[in-house]
Amino acid sequence: MNGNGQMATGVEEHKLWYALRVTYNREMKVKADLDSKGIESFIPMTCRAVERDGRLVKRLVPSVHNLIFVHIEPERMRAYKQATAMPVRYIMDAERRHPVTVPADQMESFIAVAGTLSEQLIYLTPKPGDFSKGDRVRILGGPFKGAVGRFVRVKGDRRVVVCINGVVAVATTFIHPSLIEKLND
């Protein structure tokens with residue numbers, strides 16, 4: 001039974017968000033392969049100006065090279081890694097010596113921010129304790145509505161940072177304090 005008193009399907013409850021490294025900047029090829037197999041994945045993307053035929057054009061590119069998040073059951077993840085010729089490997093949690101998995105609510109907040117394609121987002125490589133001093137907050141409005149993170153100063157502005165421990169953190173653009181609700185830790 002789930003929290004609503006209904007029978008749970010079982011499949012969704014067993015899926016985890018895995019953080020994977022993809023070598024040789026083949027994130028989009030791996031995503032296409034996963035999509036073709038009906039496996040949900042997420043790559044943080046941004047628009048960047050690139051030179052093409054002597055002109056600058058905007059192009060959608062990965063914000064963080066060699067990184068992809070995959071939402072899949074553990075057994076199916078192992079089978080995919082064994083069967084695929086794609087260059088993927090787990091990002092490992094050094095302390096527990098297990099693949100890094102991201103809690104669903106944390107991943108939802110990360111996607112709420114990183115999925116906006118804003119060119120003003122700042123991606124950071126987090127170290128343990130980096131964002132422990134900021135207030136834990138929820139964004140109440142605007143393009144990042146619903147995201148939960150830490151309200152900290154980054155590059156001179158107060159921003160909300162959503163951190164995937166040991167993998168990546170993303171800082172929003174400036175958010176007016178009236179759009180933020182402080183949460184209890």
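Helices (H or I, at least four residues) and strands (E, at least two) are DSSP runs, numbered from the N terminus. With that in hand, here are the close-ups.

View 1. Arg150 is found in strand β12. This is a predicted model, in which local features need pLDDT of at least 70 and side-chain atom pairs count only at pLDDT 80 or more, while totals for chains, interfaces and linings use all residues. Residues are numbered from 1 along each chain as its sequence is written, and side-chain values use heavy atoms, with hydrogens and water left out. The C-alpha atoms of Arg150 and Arg138 are separated by 8.6 Å, and the two residues are twelve apart along the chain.

**View 2. Ser63 in its loop.** Look for Ser63 between β4 (55-62) and β5 (67-72). Its relative accessibility is 12%, so Ser63 counts as buried (buried means under 20% relative accessible area, exposed over 50%, partly exposed in between, with a 1.4 Å probe and protein chains only). The side chain of Ser63 reaches the backbone oxygen of Met45 at 3.2 Å, and a polar atom of that side chain lies 3.4 Å from the backbone nitrogen of Thr46. Beyond its neighbours within four places in sequence, Ser63 is in contact with Pro44, Met45, Thr46, Arg48 and Tyr123.

View 3. How many aromatic pairs does the structure hold? There are three, a pair being rings of Phe, Tyr and Trp (its six-membered ring) with centres within 6.5 Å; planes under 30 degrees apart count as stacked, over 60 as edge-to-face and the rest as tilted. The rings of Tyr18 and Tyr90 have centres 5.8 Å apart and planes at 40°, so this pair is tilted. Because Tyr18 lies in strand β1 (residues 16-22) and Tyr90 in strand β6 (residues 88-90), the pair ties together parts that are 72 residues apart in sequence. Tyr18 counts as buried, at 5% relative accessibility. Over the ring of Tyr90 sits the charged end of Lys81, 4.8 Å from the ring centre (NZ of Lys or CZ of Arg must be within 6 Å of the ring centre and within 35 degrees of the ring normal). Elsewhere, ring pairs link Phe42, Phe69 and Phe110 into a cluster.

**View 4. The nonpolar cores.** The largest nonpolar core has 27 residues, and those with the most contacts inside it are Phe69, Met107, Phe110, Ile164, Val167 and Val168. Such a core is a set of buried Ala, Val, Leu, Ile, Met, Phe, Trp, Tyr and Cys residues joined through side-chain atoms within 4.5 Å. At least two residues of this core come from each of β1, β5, α4, β11 (135-139), β13 and β14 (168-171). Which element gives the largest share? That is α4, with four residues. A second, separate core of 14 residues includes Leu34, Val70, Met77 and Val88.

**View 5. Val167, between β13 and β14.** Val167 is found in the loop between these two strands and, at 7% relative accessibility, counts as buried. Not counting residues up to four places away in sequence, Val167 touches Ala19, Arg21, Leu67, Phe69, Ile91, Val100 and Pro126.

**View 6. Two positive phi angles.** Leu117 has a positive phi of about 65° although it is not a glycine; Leu117 lies in the loop between α4 (104-114) and β10 (122-124) and is partly exposed, with a relative accessible area of 35%. Phi of Lys155 is near 50°. Lys155 is found in the loop between β12 (148-154) and β13 (157-164). Is Lys155 buried or exposed? At 71% relative accessibility, Lys155 counts as exposed.

Methods:
A polar contact is a pair of N or O atoms within 3.5 Å; within protein, one must be able to donate a hydrogen and the other to accept it, and residues adjacent in sequence count only if both atoms are side-chain atoms. Contact means heavy atoms within 4.5 Å.
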